[in-house]
Amino acid sequence: MTPIRLAVLAALSLAAPLAAKAETATLAGGCFWCVEADFESVTGVGDAVSGLTGGTTLNPRYLRSGNHIEAVRFDFDERRITYRQIVDMFLRSIDPFDAGGQFCDRGHEYTTAIFVENDRQRAIAQDAIAAAEAELGRQIVTPILDTGAFYPVDDFHQDYYKSGDRLAVTSVGVGVPKNVAYLRYRERCGRDERVREIWGDAAPFAK
């Protein structure tokens, strides 16, 4: 067998188990910029895509989402991080008692949800919510929903938290880069402050 053939077979043997371990998570936690930023920092999580899901409106767009909500979808490697760990971190990165939005963002578009791919993910999410309710002593309003059509938003809103592109005018300044505008927005919106208030040291992403 030629060296090239051996190399190809070796590459295929390494790639096969990686593909078998890949799973997808779809989470809605208010502003998708924040959820994207949080989970792209997690070992074992791939590129997170911001989008709209959960509704019936065809081809929704940012700020014209119809009955969809902002969400993030990403692949992850179960050998490095489990779905239960992801759901636990997600619950501890939101206000799970707020059915009207998240933090300063109000309305249906900013409500929370866990979108599951199959019965296994549903059972894991149910167990995670039950454990969190026992920990907090309160009922969690974040629903578990079946995964449906997911509509990625335009490039302007992808990777917003790490983009150096400058914005002409925003509510948090003039001529500031997106990454700076994101940090100012997150702070002024009170996301991390509220998450720490609920979860204390268990909050994995609170600054």
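Tutor: Tyr160 is buried, with a relative accessible area of 5%, in what is a predicted model. The residue belongs to the loop between strand E8 (150-152) and strand E9 (169-170). A pair of aromatic rings is described by the distance of the centres and the angle of the planes. For Tyr160 and Trp33, the centres are 3.8 Å apart and the planes meet at 10°. Planes under 30 degrees apart count as stacked, so this pair is stacked. Trp33 is buried as well, at a relative accessible area of 10%. Because Trp33 lies in helix H2 (residues 32-39) and Tyr160 in the loop, the pair ties together parts that are 127 residues apart in sequence.

Tyr160 also pairs with Phe156. Here the ring centres are 5.9 Å apart and the planes stand at 70°, so the arrangement is edge-to-face; the cut-off for that is over 60. Phe156 is partly exposed, with a relative accessible area of 39%. Over the face of Phe156 lies Lys178, at 3.9 Å from the ring centre.

These rings belong to one aromatic cluster, made up of Trp33, Phe156, Tyr160 and Tyr185. In the whole structure, a search finds eight aromatic pairs. As for the chain around them, it has six helices and ten strands, and 47% of its 207 residues count as buried. Of its contacts with a separation of 6 or more, 67% are between residues 24 or more positions apart.

Key: Residues numbered from 1 in each chain as written. Predicted model: local features only at pLDDT ≥ 70, side-chain atom pairs only at ≥ 80, totals over all residues. Heavy atoms only, no water. Helix = DSSP H or I, 4+ residues; strand = E, 2+ residues; numbered from the N terminus. Buried < 20%, exposed > 50% of the residue type's maximum accessible area, 1.4 Å probe, protein only. Contact = heavy atoms within 4.5 Å. Phe/Tyr/Trp six-rings, centres within 6.5 Å; stacked < 30°, edge-to-face > 60°. Lys NZ or Arg CZ within 6 Å of the ring centre and 35° of its normal.
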